[in-house]
Amino acid sequence: MCGIVGYIGKRDAAPLLLEGLQRLEYRGYDSAGVAVVGRGGALRTAKSAGRVRELQARLPKRFAGTTGIAHTRWATHGAPTDENAHPHLDSSGRVAVVHNGIIDNAAELRAQLSAEGVEFASETDSEVLSHLIGRSDAATLEDRVRQALEAVRGTYGIAVLHADFPDRIVVARNGSPVVLGIGEHEMFVASDVAALVRFTRQVVTLEDGETATVQASGHRTWSTAGPGTAKSPTTVEWEEENYDIGGHAHFMHKEICEQPEAVDRVLRGRIDDRFATVRLGGLNLDAREARAVRRVKILGCGSAYYAGQIGAQMIEELARIPADAEPASEFRHRNPVVDPDTLYVAVSQSGETYDTLAAVQELKRKGARVLGVVNVVGSAVARETDGGIYLHAGPEVSVVSTKCFTNTAVALALLALHLGRVRDLSVADGRRILAGLRRLPEQIGQVLEQEEGIAELAAGLARARSAMFVGRVRGYPVAREAAQKLKEVSYVHAEAYPASELKHGPLALIEPEVPTVAVVPDDELLDKNRATLEEIAARGGRILAVAHRVQETAEHTVVVPRNEPELDPVLLGVPLQLLAYHTALALGRDVDRPRNLAKSVTVD
């Protein structure tokens, strides 16, 4: 969940490394550090708790070197302090290591090294790596890194500098992403392509169990076990300007406003009017195999899980296949029954979410068919699955997910339509859903036009000590995602419940100081939802409704355009993103970097 950047070439490394770190702060932002090898092979480091700007202010004026590594941290072992910031050095001060991931046997290794006389300078698990490498007497840096990695258990993406080998950086991956950027007589290293697009779009992505030597003249890769590997560079889909904030105050706002174009991209080239269906060649699932599916299980974490709940309902409605969604973090730990007739769908914006990736690997080990729904081309989930759907949402920099959540719901709607049309969904219903999908970008734009009014409502929500979110059936996962957004970005406590469950306990919490946000689609459950609003109002509860028509029981209603009932959840979620954003603004929160959170959760 941290950010790694590395550079080797002819340019001064420190400014490039700091720029890369700033682009990776969404991956972790509680401390940062940089190490460079200067003239004469001297290894110099600078570290600071806090943001990259604090590190930049503390950096010595003379910090020259053409080879360097840097890191921005999201704390797992040890508080965010100068001492716990990366890079970590060995006892001699000649080895520097930056590390993403968790070393599971760190306590055992620390005890062993301490017994041998090693003095640790931090509380981190990562520091053991620098000491293991520093104590190796192997002839090459590559062998020293290999010997150290043989001693550790856990996940890692690492980059290593050694003053005795100033012409190279050695990197390795196991469960945490590492990408090499190829320049002209220079090379880059990063944990995310966002740090690289300013300099190059030609990249090589390491697989788990791979190590690489990076030199100014090029790179070579090999399996950690020893044999060399052949890697072909790929071109990054997005350019530098896609990672810029533009004229927006925050990336979250930019990404909410980008949703009409993002949804258009996920639909582009996939609609098949002739057969009233969609073309999803990346599924690698022919019609016979699709008809043989007896159940669909969608796995994701956080917002991906809630989008999966929306998708599961669409699959049941359109394809009439039993479907459900489950947190990947729970699924992978409960020894699940893996059914050969079940289609598993792994959802992850980054494609690197550790819990989701681990669930995919366990499913593949047991012979399951697994599809991926991811935003990042070439990511780990995309490589490990049998096929899937790319979201094409564009880079999402803000920690809280908005456009990727929406595009995930739309991508799962495409999957539901595809499965439905190879089964019993009629041509007429297929055309109805296609027409609804085509209306989504314009209708999302209509919702965004209400931003000023939603901001006024958010000012009232910012005064609440807690909030309740409710919805029935199609509206319930929308309510869950909305409560998650509010918690993540504003720190206002929020809970989501099925509207039908309110009277089975949570109604005790209703009072004027606890407003209720109700998701009220104009569907077959409208009367039941209205009855729930009456129950809340009778107990003095204040209600904000997100609905297709004004709800008289509510103090305020945000009116959302109607689509097809199956697709309505996509639109109902958009105003609630704006509500969370403006609530956070009213409270003065750091919108793009909420406390304690990071964008891509690549640790267990």
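The model is predicted, so local features need pLDDT of at least 70 and side-chain atom pairs count only at pLDDT 80 or more, whereas totals for chains, interfaces and linings use all residues. Residues are numbered from 1 along each chain as its sequence is written, and side-chain values use heavy atoms, with hydrogens and water left out.

**The cores**

Phe469 is among the residues with the most contacts inside the largest nonpolar core, together with Val296, Ile315 and Leu437; this core has 88 residues. Its largest contribution, 11 residues, comes from helix 13 (residues 403-421). Another core lies apart from it, with 33 residues, among them Leu24, Val36, Phe63 and Phe251. A nonpolar core here is a set of buried Ala, Val, Leu, Ile, Met, Phe, Trp, Tyr and Cys residues joined through side-chain atoms within 4.5 Å. Buried means under 20% relative accessible area, exposed over 50%, and partly exposed in between (1.4 Å probe, protein chains only). Helices (H or I, at least four residues) and strands (E, at least two) are DSSP runs numbered from the N terminus.

**Helix 1**

Next, select residues 13-23, which form helix 1: 8 of its 11 residues are buried, so the helix is largely enclosed by the rest of the structure. Colour Ala13, Ala14, Leu16, Leu17, Leu18, Gly20, Leu21 and Arg23 to see the buried residues of helix 1. Their cover includes strand 1 (3-8), strand 2 (31-37), helix 2 (52-58) and strand 4.

**Helix 7 against helix 13**

Axes are lines fitted to C-alpha atoms, for helices over the stretch in contact, and angles run from 0 to 180 degrees between N-to-C directions. The crossing of helix 7 over helix 13 is right-handed. On helix 7 the contact uses Gln259, Ala262, Val263, Val266 and Leu267, and on helix 13 it uses Lys403, Thr406, Asn407, Val410, Ala411 and Leu414. By class, this contact of helix 7 with helix 13 has 7 nonpolar, 3 polar and 1 charged residues. Ala, Val, Leu, Ile, Met, Phe, Trp, Tyr, Cys and Pro count as nonpolar, Asp, Glu, Lys and Arg as charged, and the others, Gly among them, as polar. A crossing is left-handed if the near helix is turned anticlockwise from the far one by less than a right angle, and right-handed if clockwise.

In the loop between helix 7 (259-267) and strand 16 (271-272), select Arg268. Arg268 counts as exposed, at 54% relative accessibility. From Arg268 to Asn284 the separation is 16 residues in sequence and 19 Å in space, C-alpha to C-alpha.

**Helix 15 against helix 19**

Move to helix 15 (residues 451-461) and helix 19 (residues 574-586), whose axes come within 8 Å and cross at roughly 55 degrees. The two helices are therefore oblique to each other, and the crossing of helix 15 and helix 19 is right-handed. Display Glu451, Ile454, Ala455, Leu457, Ala458 and Leu461 of helix 15 with Pro575, Leu578, Leu579, His582 and Thr583 of helix 19, the residues that make the contact. In the contact of helix 15 with helix 19, 8 residues are nonpolar, 2 polar and 1 charged.

**Helix 3 against helix 4**

The axes of helix 3 (residues 106-115) and helix 4 (residues 127-135) come within 10 Å, crossing at roughly 45 degrees. Helix 3 is therefore oblique to helix 4, and passes it in a left-handed crossing. Ala106, Leu109, Arg110 and Leu113 of helix 3 meet Glu127, Val128, His131, Leu132 and Arg135 of helix 4. The contact of helix 3 with helix 4 has 5 nonpolar, 1 polar and 3 charged residues.

**Backbone stops**

Most residues other than glycine have a negative phi, and most peptide bonds are trans.

- The peptide bond from His86 to Pro87 is cis, with omega near 5 degrees; Pro87 is in the loop between strand 4 (67-73) and strand 5 (88-89).
- His185 has a positive phi, near 60 degrees, in the loop between strand 9 (179-182) and strand 10 (187-190). His185 is exposed, at 61% relative accessible area.
- Tyr491 has a positive phi of about 70 degrees, in the loop between helix 16 (475-490) and strand 24 (493-498). Tyr491 is partly exposed, at 22% relative accessible area.

Technical notes: Parallel < 35°, antiparallel > 145°, perpendicular 65-115°, else oblique. Contact = heavy atoms within 4.5 Å.
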